[in-house]
Amino acid sequence: MKMDWKAAAAALQPEYLADLKKLVAIDSSRDVEHQTDEFPLGPGPAHALQQFLAFGERDGFVTKNIDNIVGYIEYGSGSEYFAVLGHADTVPAGKGWTTDPFKLEVSGDNLIGRGTSDDKGPALAAYYAMRILKANGIHPMRKIRLVIGTDEETNWTGMKRYFETQPAPCGGFSPDAEFPLINGEKGNTSFEIKFPQTQDSVVSQLKSFQAGLKENMVPRDATAVLTSDEPQTVVKAFNDFLQTVPVTGSSETESNLIRLAIVGKAAHGMEPKNGLNAGTYLSSFLASQSLDPVGQKFVTFIAQKLHDDSRAVKLGLNFTDEVMGDLTMNVGQMQYTNDTGGLINTNFRYPQGVDPNRIAQQLQAATATATVRQISNMQPHFVAIDDPLVESLMEVYRKQTGRYHDQPEVVGGGTYARLMEHGVAFGALLPTTTDTMHQANEFQPQSDLLLAMSIYAEALATVTDK
């Protein structure tokens, strides 16, 4: 049967937009403060999962909800199944939006809203690809399961539960990255650095410092409160500093209390160079001031060892692998109070050839009195470029886009694909589209998402018919 995949996708555009609007309306960032037995990761992620499964039930697919943390939509029959691993959770909306992040906005070709690019829009495109197969009577030799996780942006509790309780797929892809295809993902490890507080009093004292929402996001906003006997001198120095850096800022004073704020640019933590880290810039200024000993150590460490150094050169950790590229470092969260001390979360994306234990050792050596603790780690993942799955998916992509010279890539981002021995990431961000994942005003062109739907439909028909 000869199929016009693009025409089939275009015909579903109104329904796709209506369903995406429902998904975007759900704030599905992980919310453990409101977790219950019914909603282990908070109500938002569970409601987004339930909405995905409701689409499947509406359209006559087999569905299963596993403990409100992961679920799947299944099509076809056979003893084996091919998995498509997406997620319904998002990072927090954060500041800087010019639209409501939970209201799908259509501006020209762009669909704006939290999750349109990461990963509600692409995962829904994969679901609609299954709808295309079903509507056209295309029956694959293997089952297809769209598996939806609910905390991909944190520690993957849901998807890990899935692989603990369900049979492994014969292969699969994750629609949670970019085209043409991701056949390699760097290792992903995060460390918590704590600076304990002591009782000291000096001329100027850091009261509080706050920057960052998650370890895998470049912080857009940073604030600090400090005291000084000469507040106007501090404010003048801050204003002079702002003239020399690519971020903006503001200050307020009340008696001897000073509030400082910096606005940078958010970005996905897999490539910190795409953002401007407000927290490390603010630390760079504060390191020039006279603070209490713990506060001084906190901001000085950030300024001297972490600021503007996405390749961790200052820590002696810079490393490049021929296939997987550079080690990268994101400083995702920085917090300080004069009661509790300081806390920094760093996230490293590392290639083959890097030992996470060495990262821990170098961090500890650089921090002196602070303590370093590893809080997560995933090993690098790689599938050969001549693997039949890679070749099949690339053939469909090239045919539908006409981009015959595009090659598979290795990235710093981590997707669910690494949970499958035979898994890759496949779209949905096209090479010509701006990456706004984890940023304010996140968007993805609807033409790109419809093309992804078409690619996914043909790809699923191809890889499950062998």
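This section describes a helix pair, the nonpolar cores and the salt bridges of a predicted model.

Two packed helices are described by the angle between their axes and the distance between the axes. Helix α2, residues 13-24, and helix α11, residues 446-463, have axes that come within 12 Å and cross at roughly 110°. Because angles of 65 to 115 degrees count as roughly perpendicular, α2 is classed as roughly perpendicular to α11. On the α2 side the contact is made by Q13, Y16 and L17, and on the α11 side by Q446, L449, L450 and M453. Five of the residues in this contact of α2 with α11 are nonpolar and two are polar, with no charged residue among them.

The largest nonpolar core has 63 residues, of which F426 and Y456 touch the most other members. Helix α11 supplies the largest share of this core, 12 residues. Beyond its neighbours within four places in sequence, F426 is in contact with F173, S174, P175, E178, F179, P180, L181, L393, Y397, I455, Y456 and A459. Another core, of 46 residues, lies apart from the largest one and includes I302, L315, Y350 and I359.

Side chains of opposite charge can pair when their charged atoms come close. The structure holds 20 salt bridges. In one of them, D19 pairs with R58, and the closest N and O atoms are 2.8 Å apart. D19 belongs to helix α2 and R58 to helix α3 (residues 43-58), so this pair ties together parts that are 39 residues apart in sequence. D19 has a relative accessible area of 3% and is therefore buried, whereas R58 is partly exposed at 42% relative accessibility.

A salt bridge also forms between the side chains of D406 and R403, with an N to O distance of 2.6 Å. Here D406 is buried, its relative accessible area being 14%, while R403 is partly exposed at 32%. Salt bridges with shared partners join E15, D19, R58, D59 and R131 into one network.

R259 counts as partly exposed, with 35% relative accessibility. E254 has a relative accessible area of 51% and is exposed, because exposed residues are those over 50%.

Terms used. Residues numbered from 1 in each chain as written. Predicted model: local features only at pLDDT ≥ 70, side-chain atom pairs only at ≥ 80, totals over all residues. Heavy atoms only, no water. Axes fitted to C-alpha atoms, helices over the stretch in contact; angles between N-to-C directions. Helix = DSSP H or I, 4+ residues; strand = E, 2+ residues; numbered from the N terminus. Parallel < 35°, antiparallel > 145°, perpendicular 65-115°, else oblique. Contact = heavy atoms within 4.5 Å. Nonpolar A, V, L, I, M, F, W, Y, C, P; charged D, E, K, R; others polar. Core = buried A, V, L, I, M, F, W, Y, C linked by side-chain atoms within 4.5 Å. Buried < 20%, exposed > 50% of the residue type's maximum accessible area, 1.4 Å probe, protein only. Salt bridge = Lys/Arg side-chain N within 4 Å of Asp/Glu carboxyl O.
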